[in-house]
Structures are given as structure tokens and as C-alpha cells.
Amino acid sequence: MPLLQPKLSLKVSQRQILTPGLMQMVSVLALNKLELKEMINAEIVENPVLEEVEEHVPLLDDVAGREAERERPAEEMVAVAENSPEERDPFEEIDFGSYFQDYLDPGFRTGNNFESYDDKPSFENFLSVPQKLTDHLIWQLGSLNLTPELREAAEYIVGNLNEDGYLVAGDAELLDGFFGEGTAARIGPAPPLDPAENRSLEAMDPPDQADDTSSVPVDDQPRTLLQEALAIVRRLDPVGVGAATLRECLLLQVAERRREYELIYAAHPAPGEADAPLRLQTACFDAAALIIRDHLSLLQKRDTRELSKITNCSVSDLQAAIELIRTLDPKPGQRFNRTSTRLIEPDVAFVKRGDEISIVLNEEDIPTLRLNHGYKKLLTQAGTDKDVKDYVKERYRAALMLMRNIEQRKSTILKTCEAIIRRQPDFLEHGVESLRPMMIKDVAEEIGVHPSTVSRAVSNKYVHTAQGVYELRFFFTEGVNGPEGAGTPLMLLKRKVKKLIEDEDPQKPLTDDHIALVLRGQGIRVTRRTVAKYREDLNIPSTHQRRVRV
């Protein structure tokens, strides 16, 4: 049996290793203006060698002159002061401030011992915090008279809602999470509902706290508690939260609309035939609930003829039910989970000056960096500790690397924008319809860099033009060749497909073959499969789903 023993061996291999400077250059190139500003400010705080050049900060020559002035002998400064005395104007010695304060007092004045303006709280403390769906529901639960166990169960259910307001956890998961692992297995599955009762969770009324629950079996009490808590959550605002599926969410909203209408109508009945409007509206609610519960696929196909037969409604009554469904919110929780508005500030501007278009980099509010020469003395002074010198040298190298990468970013963006101007002059003059196909690899070959460099240079950056503000990546689009070899950008082709579908007859929508035929007539060679792919990219339904049947 061979024994294990150490052994030396040589191996030759090639690997690509990104140096710290190259990694920083890649990351800096991908930043837009706002991100670059934040990154520079963070580096200034971390690196003491870096400092920002401000307008009110004196230059090094001015500082050196002032230091030389302070080093002059004190006697010389006194002599200069005695030889050139300044004459004071007697008029300036009058205290006009006290005069107006003593004789022109408009009323009560607070003393100096009161708080100053600087001591007052900032207005930022009064800004409202966006309210989330969970906060909104917990606030409503706080106004209800619930038992501690029921309140805790309701808050637990609220915590399991997703951003759309749906209850994503199943029955077994809720039981095990609230009562402990193994509770669902001990209790067993929930008994099936009797189809004859036609009961559904969306029609459940909130439980009465005074109801006697002693008749509920002990094994079923955990499930009953969660069901009662779920019924309470489903009656909170916004209506539809706590549903497990889209059907339940919409049915909850229809049931709440019906309840509100009946309450309003009962408080203000119409004279004469008071039941006629109520019967019409009730029929509308019934038709809407029937369509949502069993025939959403027909509604998606816009098959109004079949829906009219199933619901036994006239065309006008059916349209009223469909309009009611359109007013429902399929994602009730999204109104409380809106993302903050993203601030867009152009990094570049294309300015037309005469017959030429100039490139202007937006460097406003971006700190201008310089090296602090005070730390340079630590490298030349005798007696400086070696660790201090090594730290200062490392900080100087990091500062120089950052400044070079920022200049490299600026140069790359300028070269890329120059290539865009040379290749897209018609767009800058006439607009989107004159946009030409342009690939990233072609621009990269033109300016002599790798395509990934151009991709990072145009990523998440915007340009201000006479046609509006666009993302730099907007100008890069592949083309679809026509019969004469002229290229049509893919984006314009999708816009043409969308325009043709928007202008079609709803009762006789265009097929993909017809759209391809129309585009061929305009000099664009595309197949039916290509049109179908573009239509799916635009989230446009098929011809069968777009057809409106009357």
C-alpha cells in the first residue's frame, strides 16, 4: 500500500485577473451622474488625501502668500501699521441699531435667552413616511374590539400577505407557523364544504365576538380561530386583501359593492317603483359574480355572445356587468407598495450650435478632486513612522487611481456620444422616425474599445436632446433589412405593429399574416412568426382574443 507523502510539481496556466484599478475603472464607468457623486463623496470621507475643490477655498498660492505674510517680524508689521494709520469716519461710530431698537419698537420682543432658529427641528422631521399595506391593515385592526388571541391571529395573517395583498400561505403552513410545527398533521385536513350550501370564503361575514364557540371541537379550534381572523382581514380596506386567488379577490370586491349599494339604497329609497333600480343593480352584481366565478376565460376572449347566453342577460345588462368588473382592482395591495419616483438627471446634453452638434457633459454638483499636499510632508519629514508612510503612500495611490478612472470614464462617454452623433444625425434633426440601426460592437470598433466598455458607458445614463431626454442605450437597436437593403430599427418595427393593431376593427382584427403583408408593402421583409414574436413582446393578445363578438 503506497504511503502518502508530500510532492512538488510545476504547472503552467493562463488566467485573466482583474487588478483593483481595472475593477474600479469598470465600476466607475457604469455609474451615472448621481451615483458617481455619491461614490466620490464616500471616497472623500474614507480617504483623507482626497479633498474637494470649492470656489470659496483659497488656492495654494494664496495660502502660501498668507503664511509668508504671517511670518514677517512683528516689529515690521507694527511699523507698517503706524506709518499708514486709517482715519475713522465719526459717522460710523453712531449705533443706529440701538436707536431703531429703542425708539421704533413695534411691540413685544422675545429675549435672547429664547431658542434660536438653529435650535428648531429640521423640516425633514415633519415629512410623512410612505405607509405600507401591513401598516395600514394593522392600524385598522387596532380600532376593532377583538380578543387578544383573535387579534394576534389576524396580525399573523396580515404578515403573510404579499405585496399584491394575496394570502400566499396555505392552510397547513398557517397552522404550523402560528400554533407550532405538527399542528396541521394532528388536526388533519379541513372538511370539504357541502356543494349544496354554495358557501364561499368571499361571502363570509366577520365573526361575532359574542358567539358561543364552546360547541366547536377542541381539535378544530385552531383552524376555526384562523378562519375567523381571515374573515376579519378580508373585510378591511382595501377590499380584496386576504384572497388566495384572483377569483376570490374579485368576488370579495363584488360582494362589498353589493353590500354598500344595498345599504345606500335602503337609507334613500326611490319613490314609486322603489324595487326596480335595486333589481337591476342586483342582476348586474349577480352577472358579474357569475362571470368571475366560472367564465373568466370567456371574458378574456371577449365572447359577449356566449356570455349573454350563459348569464341570461341582455347586451346592455351584460356590458354593465363587464364595466363593473373593469372597475375592480386585481392587485389591491399595490396602491400601498408604490415605489418612489426615480430621479433622472441627464449625464450628457447634445446642443446644436449653428450647423454642428456639440456634446456637453453635465458635471454640475460633481465634486472636483485634488490631492492634499499636507500629507506629502509626512513622506519627506524625518522621523515619520514607517507605518504612517506606508498608509499615506497607499492612500495617495488610491486617490490617483480614482482620479484617473474618473477621467477615463469622461473620455469614454465623450467618444461614445461622438459616435452616436455621427451615426444618428437624422434622429437629432427629425425625431424617432428617423432612427437608424446601430450596434454596440460597431461603435466599439470605431472608438477602439471592447463592446463591454461601450455597454457600460451607455448603461443607466441619459442624454438631453432637442427631441427629449433618452437613455443612451436607446440609440442602440438592431435592424430588420428591407428589400432594398435599407435597415429599419427593431424598435420602430414594433411601434408599427402596435399602431396597426390599435387602428384595427375590433370585430375583424388583423391576423399576424395580414400584419406581415402590410409591412412587406412598406418595404419591410418580416414573416408571420416574427410578427407573432414582436406582438408577444408587446403583451398584445392574439387575434382570437382581441376579437369582439357581438
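Colleague: Which helix gives the largest share of the lining of the second largest pocket?

Modeller: Helix 15, with 6 residues. A word on ground rules before we go on. This is a predicted model, where local features need pLDDT of at least 70, side-chain atom pairs count only at pLDDT 80 or more, and totals for chains, interfaces and linings use all residues. Residues are numbered from 1 along each chain as its sequence is written, and side-chain values use heavy atoms, with hydrogens and water left out.

Colleague: What counts as a pocket, and what is a lining residue?

Modeller: Picture a 1 Å grid over the protein atoms alone: a pocket is an open set of points where a 1.4 Å probe fits, with protein on both sides within 12 Å along at least five of seven lines, and lining residues have an atom within 4 Å of a point. Here, 23 residues line the second largest pocket, and Leu 299, Gln 300, Arg 302, Ile 322 and Arg 326 lie nearest its centre. Two or more lining residues come from each of helix 11 (246–267), helix 13 (296–300), helix 14 (304–311) and helix 15 (315–326). Helices (H or I, at least four residues) and strands (E, at least two) are DSSP runs, numbered from the N terminus.

Colleague: How much space lies in that pocket, and how do its lining residues divide?

Modeller: About 630 Å³, where a volume is the space filled by probe spheres set on the grid points, joined across faces, edges and corners. The lining has 14 nonpolar, 5 polar and 4 charged residues. Ala, Val, Leu, Ile, Met, Phe, Trp, Tyr, Cys and Pro count as nonpolar, Asp, Glu, Lys and Arg as charged, and the others, Gly among them, as polar.

Colleague: Now the sheet. What is the order of its strands?

Modeller: First the idea: two strands pair if DSSP finds at least two bridges between them. This open sheet of 4 strands runs 3-2-5-6, with mixed pairing. Strand 3 (356–361) and strand 6 are at the edges with a single partner strand each, so one side of each has no neighbour in the sheet. On average, neighbouring strands are turned by 25° against each other, direction ignored. Such angles run from 0 to 180 degrees between N-to-C directions, using lines fitted to C-alpha atoms, for helices over the stretch in contact.

Colleague: Which pairs are parallel or antiparallel?

Modeller: Strand 2 (residues 348–353) pairs with strand 5 (residues 462–465) in the parallel sense over 2 bridges, and Val 348 stands opposite Val 463. Strand 5 and strand 6 (residues 468–471) are antiparallel over 4 bridges, with a hairpin of 2 residues joining them. Thr 465 sits opposite Gly 468, while Tyr 462 has Glu 471 as its bridge partner.

Colleague: What lies across strand 2 and strand 3?

Modeller: Helix 17 (residues 386–423), running at about 155° to strand 3.

Colleague: Where does pLDDT stay under 50?

Modeller: pLDDT is the predictor's confidence in each residue, from 0 to 100. The protein's mean is 76, and 74% of its residues reach 70 or more. Residues 94–119 stay under 50, with 6 contacts beyond four places in sequence, contact meaning heavy atoms within 4.5 Å. Residues 193–218 are also below 50, yet that stretch has 26 contacts beyond near neighbours in sequence.

Colleague: Which peptide bond is cis?

Modeller: The one from Asp 237 to Pro 238, with omega near 0°. Pro 238 is in the loop between helix 10 (221–233) and helix 11.
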